[in-house]
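This briefing sets out selected features of one structure, grouped by topic. Please read it alongside the sequence and the coordinates.

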Amino acid sequence: MALVKIPFRPGFNKQLTDTQNENNWVDGDNVRFRYGQPEKIGGWVEANQYSMIGVARAQHTFVDLDGRKYAAIGTNRCLYIYYSGDLYDITPIDPDRQQTGADITTTNGSTTVTVTTVSPHQLEIGDIVTFENAGSFTSPDTDYVAADFDDILFEVKTTPTVSTFTIQMPTAETGTGATNDGTLDPLPYIQIGPLLQTLGYGWGAGRWGQSTWGTARTTSNTNIDPGIWSLDNYGQVLIATVHNGRSFNWTPIAGDPNALITRATSIANNPTKSVMTIVSDRDRHLIHLGTETTIGTPSTQDKMFIRFSDQENRTIYQPTSVNTAGTFRIDDGTAIVGATKGKDYTFIGTDTAAYIVQYVGPPFTFSIRQVGSNCGLIGQNGLVFVDTTVYWMSDEGGFFIFDGSVKKLSCLVEDFVFKTTGSNPGINYNAGQQVYAAHNSLFSEIIWFYPTANSSFVNRMVIYNYQEQTWVTGTLARSSYTDKVIFDKPYATKFLQNTTPTFPTVQGITSSQGASIYYEHETGVNEVTFAGVKTAIPAYIQSGDFDLDTDGEGEFFIKIRRFIPDFKVLTGNAKVTIFLRDYPADTATSSPLGPFTINSTTDKIDTRARARLAALKIANDSTDENWRLGLFRFDFQPDGRR
């Protein structure tokens with residue numbers, strides 16, 4: 001008999017067969033590697049008691065001039081500020097759709113109110129609208145009063161005509177019923193975008209000459225982007241830009257509690273349709289990417305056109321001899337997809353290439369140069385800058401870095417992430433705008449959250465540890481994420497489909513909007529609600545096959561008499577399963593040993609098993625359990641040939 005150490009390499013390797021993956025880990029969930037050894041990831045706790053409307057696809061943390069810490073969160077329906085444990089709704093009112101002088105029609109016993117506008121309302125079902133200056137209602141026609149409408153949020157239920165829409169009141173009409181009664185001013189929330197990223201099949205979606213005039217297309221290469229924000233800060237001022245829309249700003253005011261409930265407003269003289277905006281910190285320019293060639297004319301949007309403001313003035317864009325405003329256009333690709341700030345540059349990714357923009361001062365202000373091709377960015381949030389390097393996921397089917405030059409990152413889980421084969425669904429390329437890249441500096445991790453081919457929403461993650469150069473995959477689904485730079489821990493959002501949101505209160509809102517939960521991560525070892533209810537975070541890791549024969553050739557069958565577990569950390573229980581095979585083509589799960597329950601007092605586990613190949617699985621499934629693996633030893637004995 002001999003005790004044999006099984007030294008596993010750190011990280012997952014999914015590029016080989018299980019038998020080729022001797023001494024490698026091949027699968028797992030909710031685990032990470034640290035100092036070469038696997039461990040369960042940290043837990044998360046709800047940051048507040050509310051759920052936000054829609055799916056959050058943007059987060060940004062910043063501080064004001066007095067050191068107060070804020071997080072801005074953008075969903076496809078609203079814009080929020082998180083401050084001191086509470087959420088505040090700062091969603092802008094749409095300047096193009098607000099009206100005055102509308103009236104209402106009601107029916108006795110019904111909660112439905114029809115609002116008739118003076119001009120076309122341009123509202124859609126599911127839009128959020130509030131009112132101001134309500135009044136002059138006739139009694140007994142209606143018992144509704146101004147307080148039932150002013151500053152109350154409603155979901156648009158139907159749009160019967162271009163000048164009428166309906167809302168649902170919390171109580172039924174008790175009056176005889178009103179017809180075009182009273183006056184009120186509708187204030188619609190800004191339209192941000194759809195819940196889902198979808199293919200467009202309408203007129204113009206196909207290529208010229210494809211099929212016949214007026215025929216509906218059954219295939220499409222046209223993507224309709226979901227609702228996304230780009231968020232940044234210009235000093236203490238939040239800059240929030242709707243993807244392919246307007247830019248807004250919000251200013252925290254020291255000592256003024258009303259500032260937290262003051263809505264973001266349009267930035268004067270800015271373009272009205274941009275892919276995104278980003279602030280050039282060193283020189284204080286506001287840069288619009290993929291924007292209008294004529295400011296204020298959305299039809300002139302050119303998704304490869306860049307416009308930047310005057311230095312220290314985010315409202316001046318017309319170049320003159322005495323300012324530093326300007327424009328330029330890049331040419332490799334069809335659209336700017338996203339951008340991030342580097343050490344002394346702004347990194348821009350198009351759908352095919354990579355550029356860097358650097359401030360050089362007057363008279364040119366910025367220099368721009370292409371640094372890579374055939375490395376297109378998959379989505380607006382698919383990139384992140386860490387230390388001296390930009391990391392991004394590409395729609396070319398791989399991961400890239402820029403650290404002075406563009407390189408493709410070697411990835412041992414590449415096929416698993418990017419290819420749909422057999423039972424494994426690879427990434428959903430038609431939903432690339434939902435990919436979210438994040439940095440967890442606590443563990444030197446770059447995380448990409450992404451949707452698979454069988455999902456419309458983010459449902460999987462892949463992690464690259466840039467210190468240990470390891471990869472892991474998992475099912476943790478987060479639609480946005482921020483590192484601990486401003487707050488002490490990372491914060492992330494989770495989207496819940498078919499869930500009615502709770503903040504802000506919107507009359508008539510339904511679960512079709514979905515809801516986003518805000519979590520503080522790397523806290524404890526469980527999932528914990530705001531009320532303190534714990535749910536276990538199940539985690540596991542599984543190895544590839546290793547030869548039980550000490551000659552490494554797999555010629556002999558081997559008896560496993562016992563194994564000695566070794567954990568650096570073990571709180572509660574861990575479950576160990578040993579999968580056995582005689583041949584690579586055998587099903588490993590047909591005759592497993594275990595699971596054996598291991599705790600901190602377990603010295604050894606006696607077994608009786610015979611096989612050529614074995615694989616190891618470590619798991620937990622209960623609350624308050626945590627583990628970090630050490631080195632396993634097995635007691636083997638040769639048992640002849642077959």
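A residue counts as buried when its relative accessible area is under 20%, as exposed when it is over 50%, and as partly exposed in between. Arginine 284, with a relative accessible area of 27%, is therefore partly exposed. The model is predicted. Its mean pLDDT over the chain is 92, and the count of salt bridges comes to 25.

**Confidence**

- A pLDDT of 70 or more is reached by 93% of the residues in the chain.

**Arginine 284**

- Arginine 284 sits in the loop that runs between β24 (276-280) and β25 (285-289).
- The phi angle of arginine 284 is near 60°, which is a positive value in a residue other than glycine.
- Leaving aside residues up to four places away in sequence, arginine 284 touches Tyr234, Gly235, Asp310, Gln311 and Glu312.

**Salt bridges**

- Glutamate 39 and arginine 628 form a salt bridge, with 3.1 Å between the closest N and O atoms. This pair links distant parts of the chain, 589 residues apart: glutamate 39 belongs to strand β4 (residues 37-40) and arginine 628 to strand β54 (residues 626-629).
- Both glutamate 39 and arginine 628 are buried.
- Glutamate 155 forms a salt bridge with lysine 157, and the closest N and O atoms are 3.1 Å apart. Glutamate 155 is buried, at a relative accessible area of 4%, whereas lysine 157 is partly exposed, at 23%.
- Lysine 604 and aspartate 606 meet through their side chains in a salt bridge of 2.8 Å, N to O. Aspartate 606 counts as exposed, with 51% relative accessibility, and lysine 604 is partly exposed, with a relative accessible area of 38%.
- A network of salt bridges links Arg77, Asp94, Arg97 and Asp127.

**A four-stranded sheet**

- Four strands make an open sheet in the order β7-β8-β9-β10, and their pairing is antiparallel.
- The edge strands, each of which pairs on one side only, are β7 (56-63) and β10 (86-89).
- From one strand to the next, the twist averages 25°.
- Within this sheet, strand β8 (residues 69-75) pairs with strand β9 (residues 79-83) in the antiparallel sense, over four bridges.
- Glycine 74 has leucine 79, in β9, as its bridge partner.
- Strands of a sheet pair through backbone hydrogen bonds, in either a parallel or an antiparallel arrangement.

**Serine 84**

- Serine 84 lies in the loop between β9 and β10.
- Its phi is near 50°, a positive value in a residue other than glycine.
- With a relative accessible area of 62%, serine 84 is exposed.

**Cis peptide bonds**

- The peptide bond that runs from proline 362 to proline 363 is cis, and its omega is near 5°. Proline 363 is placed in the loop between β30 (353-361) and β31 (365-373).
- A cis peptide bond also runs from phenylalanine 503 to proline 504, with omega near -10°. Proline 504 is in the loop between β41 (491-496) and β42 (506-507).

**Cysteines**

- Searching the whole structure gives zero disulfides.
- Cysteine 375 is in no disulfide, and the nearest cysteine sulfur, in cysteine 411, is 16 Å away.
- A disulfide needs two cysteine sulfur atoms within 2.5 Å. The closest cysteine sulfur to that of cysteine 411 is in cysteine 375, at 16 Å, so the distance is too far for a bond.
- Cysteine 375 counts as buried, at 0% relative accessibility, and cysteine 411 also counts as buried, at 7%.

Terms used:
Residues are numbered from 1 along each chain as its sequence is written. This is a predicted model: local features need pLDDT of at least 70, side-chain atom pairs count only at pLDDT 80 or more; totals for chains, interfaces and linings use all residues. Side-chain values use heavy atoms; hydrogens and water are left out. A salt bridge is a side-chain nitrogen of Lys or Arg within 4 Å of a carboxyl oxygen of Asp or Glu. Helices (H or I, at least four residues) and strands (E, at least two) are DSSP runs, numbered from the N terminus. Buried means under 20% relative accessible area, exposed over 50%, partly exposed in between (1.4 Å probe, protein chains only). Two strands pair if DSSP finds at least two bridges between them. Axes are lines fitted to C-alpha atoms, for helices over the stretch in contact, and angles run from 0 to 180 degrees between N-to-C directions. Contact means heavy atoms within 4.5 Å. pLDDT is the predictor's confidence in each residue, from 0 to 100.
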